[in-house]
Amino acid sequence: MTAKARQLLVEERLDAIRQLLAAVHAPAALLRSRRNFAWATLGGQNHVVLADEDGVAALLVTPTDAVVLTAVNEAGRIRDEELDRLPITVVALPWH
């Protein structure tokens, strides 16, 4: 799959989440589980430990933004390896 095709599919999935938010009048959705993060990013991995259901990065989707919240020590890897060229911003948070 090309980077452009992945980007378009991720945008479709983010739009689907936004439609659900509007339907239930929710301000945002926070996807923390590995499977939900992978679905929304079309294969992005947000985990370090395979045994954990939740990853080290959470995808926050609002009606206008898509932001990954993760610890500063994981931010670069997530941005470069898992979200390359996707319409998602990475916000690095203190790990402590």
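## Basis of the model

The model is predicted: local features need pLDDT of at least 70, side-chain atom pairs count only at pLDDT 80 or more, and totals for chains, interfaces and linings use all residues. Residues are numbered from 1 along each chain as its sequence is written, and side-chain values use heavy atoms, with hydrogens and water left out.

Helices (H or I, at least four residues) and strands (E, at least two) are DSSP runs, numbered from the N terminus.

## The sheet

Four strands form an open sheet in the order β1-β2-β3-β4, with mixed pairing. Two strands pair if DSSP finds at least two bridges between them. The edge strands are β1 (29-33) and β4, each pairing on one side only. On average, neighbouring strands of this sheet are turned by 25° against each other, direction ignored. Axes here are lines fitted to C-alpha atoms, for helices over the stretch in contact, and angles run from 0 to 180 degrees between N-to-C directions.

β1 and β2 pair in the antiparallel sense, over four bridges. Ala-29 stands opposite Val-61 in β2.

## Helices on the sheet

Helix α1 packs on the sheet and touches β1, β2 and β3. Contact means heavy atoms within 4.5 Å. The direction of α1 makes about 65° with that of β2. Helix α3 also packs on the sheet. α3 touches β2, β3 and β4, and its direction makes about 135° with that of β3.

Which residues of α3 are buried? In this helix (residues 72-82), they are Glu-74, Ala-75, Ile-78 and Glu-82. Buried means under 20% relative accessible area, exposed over 50%, and partly exposed in between (1.4 Å probe, protein chains only).

What covers them includes α1 (3-24), β2 (54-61), β3 (66-71) and β4 (89-93). The face turned away from the buried side carries exposed Asn-73, Asp-80 and Glu-81.

## Asp-65 in its loop

Asp-65 is found in the loop between β2 and β3. At 41% relative accessibility, Asp-65 counts as partly exposed. Not counting residues up to four places away in sequence, Asp-65 touches Arg-18 and Leu-60.

The side chain of Asp-65 makes a polar contact with the side chain of Thr-64 (3.3 Å). A polar contact is a pair of N or O atoms within 3.5 Å; within protein, one must be able to donate a hydrogen and the other to accept it, and residues adjacent in sequence count only if both atoms are side-chain atoms. Asp-65 and Ile-88 are 23 residues apart in sequence and 7.7 Å apart in space, C-alpha to C-alpha.
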